[in-house]
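Subject: Structure handover

Hello,

Here is the structure you are taking over. My notes on it follow below.

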Amino acid sequence: MSLRSTLAAAAAVLSLALPVAASAADLKVAYVDLQRVLLEVDDGKAAKARLQKWLEDRQKEIDKEQDALRKEKETLDKQASAMSEATRTQKATELQKKVMELAQKYERSRAEAANKERQEMEPIVNRIDQVIATIAERDGLGIVLDKRDSGIVFALSQYDISNEVVRNYNNTKKPAAPAAKDAPVKK
């Protein structure tokens with residue numbers, strides 16, 4: 001290849017690479033700690049409190065049933081010597097069945113809690129995403145990363161927009177719920 005064609009090829013490569021490098025230099029990037037934002041926005045705090053209360057109520061219910069089964073087992077152990085083998089076996093089987101039912105209830109409760117958490121948090125996460133998009137458009141951000149899921153090991157705090165997302169989320173009015181048909185109108 002001649003020097004002239006080598007220079008022409010190099011010039012062509014540079015002419016293609018320079019706009020890409022220039023646009024990469026203009027790319028503005030920020031990150032947000034979505035988990036922290038979710039726990040700090042007012043709706044997130046309220047949802048967490050509701051979920052916590054619901055979980056505590058379920059746990060109290062399960063604890064109460066567990067205590068009842070424990071007492072039933074103690075009673076069975078005390079009376080076992082006075083029972084016939086068939087009665088003792090039947091009572092032990094019934095108790096074991098109740099223990100299994102309680103374990104299944106506990107597992108159902110855990111699955112229900114996960115579902116309830118997803119239902120509570122999904123609209124909040126969607127609104128957080130909208131707030132982030134608004135901030136990104138306003139500030140000309142090309143990319144906004146989630147601190148936890150993006151693989152960020154280190155980033156300067158000046159690129160963290162989490163506090164601004166919390167502020168904007170809490171300061172924006174919630175979308176108005178559609179009025180029910182035939183609802184009385186306030187005057």
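What pattern does the protein follow when read along the sequence? The pattern is α-β-α-α-α-β-α, and the secondary structure comes to five helices and two strands. Helices (H or I, at least four residues) and strands (E, at least two) are DSSP runs, numbered from the N terminus.

This is a predicted model, where local features need pLDDT of at least 70, side-chain atom pairs count only at pLDDT 80 or more, and totals for chains, interfaces and linings use all residues. Residues are numbered from 1 along each chain as its sequence is written, and side-chain values use heavy atoms, with hydrogens and water left out.

Helix α4 covers residues 85-139.

In helix α5 (residues 162-171), the buried residues are Ser 162, Glu 164, Val 165, Val 166 and Tyr 169. Buried means under 20% relative accessible area, exposed over 50%, and partly exposed in between (1.4 Å probe, protein chains only). The cover over these residues includes β1 (29-32), α2 (34-40), α3 (42-79) and α4.

Ile 143 lies in strand β2 (residues 143-146). Ile 143 counts as partly exposed because its relative accessibility is 35%.

Regards

Terms used
Expected span 1.5 Å × (residues − 1). Contact = heavy atoms within 4.5 Å.
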